[in-house]
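Trainee: Hi! Please go through this model with me, one piece at a time.

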Amino acid sequence: LSQYPHINKGLEGIVAFSSTKSFIDGQEGKLIYAGYTIDTLAENATFEEVCFLLWNDRLPNQSELDDLTSKLQGERALPESVLNYLQNTSKNAEPMAVLRTAVSILSDFHEVDADTSKEFRLNKAISITAKIPTIIAAFDRARNDKNIVEPLSDHSTAYNFLYMLNDEEPGEQAEKTMDLCLILHAEHGMNASTFTNRAICSTESDMYSSVTGAIGALKGPLHGGANQAVMNMLLDIEEQGDDPVDYIENRLANKEKIMGFGHRVYKTMDPRARILRGMSEQLSKETGHETLYEWSEAILNTMKEKIGIDPNVDFFSATVYYSMGIKPDLYTCIFAMSRVSGWTGHYIEQAENNRLIRPRALYTGEKDLDWVPVEDR
Ligand code: SDX
């Protein structure tokens with residue numbers, strides 16, 4: 001391996017693919033999905049339009065958008081055995097683990113790799129994207145001994161998810177907030193879950209396997225799991241009656257990582273955090289959770305002053321979801337509900353220009369050991 005003298009731990013700075021899905025300027029704090037800035041999309045798009053954009057590299061016209069929306073609406077229902085699984089698994093299971101298993105089971109009921117056409121892959125992407133909200137809502141209701149609410153055959157992904165979760169029609173603001181969260185989380189370059197998804201795709205495995213693997217990668221607290229950890233930190237501060245600044249300073253003194261801060265690519269404020277910060281401020285005030293928002297700001301200032309690190313997407317999304325009355329252990333599932341659009345877009349891109357992903361490791365073990373019989377070890 002003498003030709004590989006340098007190890008890029010965590011693959012930092014390695015460019016392994018070309019992609020038309022998104023561009024991140026980590027110095028300037030800019031994010032673009034297939035040509036459109038995140039601010040433009042946040043202001044104008046719907047999640048369904050963003051799905052089309054990530055799957056086709058262009059915005060849909062009205063009839064294409066109507067067609068995609070109705071296909072997504074038509075694919076929301078789950079096979080009976082997935083519903084049975086959601087009703088019968090442990091009520092204490094982690095929702096992300098349940099989502100991972102349920103997506104995996106879905107493949108038993110669909111042709112997985114019958115066809116390599118773009119249309120076949122797009123239909124798979126639509127089917128998986130449409131079913132993830134149903135899985136999350138159904139498990140949450142089942143674990144709370146509530147009736148499972150069947151998906152609607154109309155309305156947006158955001159509306160239908162909140163409806164299935166709460167068994168009541170969401171207001172316009174709740175739908176808009178959820179839609180915006182879905183737009184903001186849809187795509188982000190070669191993050192760990194998208195990389196996992198592309199690595200699985202590169203073996204010519206199917207899209208269910210790729211999405212299942214990606215959910216497993218997203219679940220960890222260094223990635224998507226951070227939003228739940230942020231909320232748990234804020235609730236911990238509340239429960240302990242701690243001062244948030246002291247709390248953070250003590251943890252930094254113990255060399256602990258503060259969830260929702262730092263990023264491999266951004267060296268400034270994550271533009272999604274900037275948008276979510278405004279949403280968090282407004283919603284927290286409207287719902288009587290101002291204190292949590294004020295603590296978030298105090299934590300942000302402390303992190304900036306003490307170690308010069310900015311918040312990432314997971315920091316303010318926590319208080320946004322909390323203000324919407326959503327349980328913290330569903331936050332990462334909502335991330336997955338959105339990011340599946342990016343994962344499947346990358347799956348199609350990888351599949352259409354594939355080469356097996358297979359890096360190397362520098363071997364640092366022994367090479368000349370003699371065999372010792374088991375009884376002598
Ligand atoms: C997401 O990749 C993506 O694009 C991901 C994502 C997406 O949309 O897909 O943006 C979503 O996953 C956001 C990140 C969520 N994770 C967290 O919030 C967990 C807390 N953050 C960190 O653990 C960390 O910042 C990472 C994991 C996000 C990034 O890790 P890196 O790039 O490997 O950086 P590092 O751990 O080597 O940190 C560099 C320095 C270290 O200090 P030194 O050893 O150099 O003195 O910065 C410090 C770190 O200790 N540091 C932190 C910190 N983040 C970095 N110190 C305290 N708290 C933190 N959060």
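Trainee: What covers the buried residues of H13?
Mentor: The cover includes E2, H1, H8, helix H14 (290–307) and helix H15 (313–323). Helices here are DSSP runs of H or I with at least four residues, strands are runs of E with at least two, and both are numbered from the N terminus. "Buried" needs 20 or more other C-beta atoms within 10 Å of a residue's own, "exposed" 12 or fewer, and "partly exposed" falls in between, with C-beta atoms placed from the backbone. Before we go on, this is a predicted model: local features need pLDDT of at least 70, side-chain atom pairs count only at pLDDT 80 or more, and totals for chains, interfaces and linings use all residues. Numbering starts from 1 along each chain as its sequence is written.

Trainee: Got it. Which residues in H13 are buried?
Mentor: Among them are Pro 271, Ile 275, Leu 276, Met 279 and Leu 283, along with Arg 272 and Arg 277.

Trainee: How many residues of H10 are buried?
Mentor: Ten of the twelve, so H10 is mostly covered. Tyr 208, Val 211, Ile 215 and Leu 218 are among the buried ones. Helix H5 (95–106), helix H6 (118–143), helix H9 (192–201) and H16 are included in what covers them.

Trainee: Switching topic: what order do the strands of the sheet take?
Mentor: It's an open sheet of three strands, E1-E2-E3, with antiparallel pairing. Strand E1 (22–25) and strand E3 (36–37) stand at the edges with a single partner strand each, so one side of each has no neighbour in the sheet. Two strands count as paired if DSSP finds at least two bridges between them. E1 and strand E2 (residues 30–33) have four bridges, and Asp 25 has Lys 30 in E2 as its bridge partner.

Trainee: What about Gln 27, is that residue buried or exposed?
Mentor: Gln 27 is exposed, with 10 other C-beta atoms within 10 Å. You'll find Gln 27 in the loop between E1 and E2. Leaving aside neighbours within four places in sequence, Gln 27 is in contact with Lys 267 and Thr 268, where contact means C-beta atoms, placed from the backbone, within 7 Å. The C-alpha atoms of Gln 27 and Tyr 266 are separated by 6.2 Å, although the two are 239 residues apart along the chain.

Trainee: Now the domains. Where are they divided?
Mentor: Domain 1 is 22–220 + 331–352 and domain 2 is 226–323; the bounds come from an automatic or database domain assignment. In contact are 17 residues of domain 1 and 20 residues of domain 2.

Trainee: Which element gives the largest share of the domain 1 side?
Mentor: H8, with five residues. That side divides into ten nonpolar, six polar and one charged, where Ala, Val, Leu, Ile, Met, Phe, Trp, Tyr, Cys and Pro count as nonpolar, Asp, Glu, Lys and Arg as charged, and the others, Gly among them, as polar.

Trainee: Last one: how many residues surround the ligand?
Mentor: There are 20, and the closest are His 188, Asn 191, Ala 226, Gly 262 and Arg 264.

Conventions. A residue is near a molecule or strand if its C-beta atom, placed from the backbone, lies within 6 Å of it. Two residues are in contact if their C-beta atoms, placed from the backbone, lie within 7 Å.
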